[in-house]
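Hi everyone, thanks for making time for this. I'd like to walk you through one structure, going from strands to helices to single side chains.

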Amino acid sequence: MEKEYKPVMAFDFDGTISDSMSVILDGVNHAATKFNFSKVSKSDFKRFRTMSIPNIKKELGIGLLETPRIASWVRKWMYENRSRLKPIVGMESVLKTLRDSNIPIVVLSTNRRDTIESFFQEFELPKPELIFTPEKLGGKTPVLKSLKDNFKDYSHLIYVCDELRDVVSCAESNTYSIHVNWGANSQEAIAKTGASFFASEPHEILTFMNQQALCFPSNLLPQRQSPFVNMALSLAEMLFPKSKTLAAYFQKRLQRVINYEISTGRCTKEQWLEYLRSLKGRKTGIKDIDRAVKNNGETDLSKLVTLS
């Protein structure tokens, strides 16, 4: 049985809530002197916004075994320089709106817990219900999966983030993602992986939550689709990437989702039309939509709504 729309909003910290990119850059360059790897210039940083972390580490000369030690040192340096951190302009209003709407706020970040707690306290931001700080780089997928157990009475988990690895973790954990374009990775870097929504301004986070996301199926409920069926479909996609039969199947499956969400009164045809028209063939990290987009080329998927 489908639950009423009750979202949980999870946020990355650095580059999403906190305007900390310049502080991180200073920390990385101090670490470069200490651990003997290449420093990052402002022009490098601009270029790195389009790259993944493994490629950045390779270019800087940071080895796999050195990564945990360097990351720990930078986190400690960030805490010692936390007085330089400021909120992204507009994020305070977003967080307070969520609090006033009784929507749970969670922070999931690789920064230190004490840095995050002192930041929220200093700027009198709404206190998060939970703060997760996995130290393992790229270790957010299992945390996002386990986070769903903490909010079983809710319907949707949405993660607001600024990094490519975060968007990948969302796709792997069936979590809806909002990529913010003011942080570590640019929208260009995210395009191939795909985010559920792109935000250029903080207020657009609320737009997605209040309009598009409520159309989507709950991602806090057990998946209806058998894992064996999904494996078979993935294999079929690999073997027959241009199959018209598969294309028709995925479009029909997405149409069933659209029909169901409209029939429940959760959203309208117009809301689905607006979202699908905004995609223009790009990935979203939402499997049913991405498969329909992939097998539909550049054709306007809004026809799936007008046929519903």
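Let's start with a strand residue: F11 has V160 as its bridge partner in β4. On β2, the bridge partner of F11 is V107. Before I go on, a word on what you are looking at: this is a predicted model, where local features need pLDDT of at least 70, side-chain atom pairs count only at pLDDT 80 or more, and totals for chains, interfaces and linings use all residues. Residues are numbered from 1 along each chain as its sequence is written, and side-chain values use heavy atoms, with hydrogens and water left out.

Two strands pair if DSSP finds at least two bridges between them. With that in mind, β1 pairs with strand β4 (residues 156-161) in the parallel sense, over five bridges. Strand β2 (residues 105-108) also runs parallel to β1, joined to it by three bridges.

How many residues of strand β1 are buried? Five of the five, across residues 7-11, so β1 is largely enclosed by the rest of the structure. Buried, by the way, means under 20% relative accessible area, exposed means over 50%, and partly exposed is in between, using a 1.4 Å probe and protein chains only. Both faces of β1 are covered, with P7, M9 and F11 buried on one side and V8 and A10 buried on the other.

Now over to a helix, α4, which covers residues 67-80. The expected span of a helix is 1.5 Å times one less than its number of residues. For the 14 residues of α4 that should give 20 Å, and the end C-alpha atoms are 20 Å apart, which agrees.

Which residues of α4 are buried? They are T67, I70, A71, V74, R75, W77 and M78. These cover an arc of only 160 degrees around the axis, so they sit on the same side of α4; the arc is that of the directions from the helix axis to the C-beta atoms. The cover over the buried residues of α4 includes α1 (21-35) and α3 (53-60), where contact means heavy atoms within 4.5 Å. On the face turned away from the buried side, α4 carries the exposed residues P68, R69 and E80.

Next, charges. Side chains of opposite charge can pair when their charged atoms come close. I'm calling it a salt bridge when a side-chain nitrogen of Lys or Arg is within 4 Å of a carboxyl oxygen of Asp or Glu. By this rule the count is 11 salt bridges.

E92 pairs with K96, with the closest N and O atoms 2.8 Å apart. These two are four residues apart in helix α5 (residues 91-100), so about one helical turn separates E92 and K96. E92 is partly exposed at 35% relative accessible area, and K96 is partly exposed at 27%. In the other case, E117 meets R113 at 3.7 Å, N to O. E117 and R113 are also four residues apart, in helix α6 (residues 113-122), and so about one helical turn from each other.

K140 and D166 are both buried. Salt bridges that share partners join D12, K140 and D166 into one network.

T141 counts as buried, because its relative accessibility is 10%. Its side chain makes a polar contact with the side chain of E172 at 2.7 Å. A polar contact is a pair of N or O atoms within 3.5 Å; within protein, one must be able to donate a hydrogen and the other to accept it, and residues adjacent in sequence count only if both atoms are side-chain atoms.

Last stop: is S196 buried or exposed? At 1% relative accessibility, S196 is buried. S196 lies in the loop between α9 (187-190) and β6 (197-199), and its side chain reaches the backbone nitrogen of S177 at 2.9 Å.
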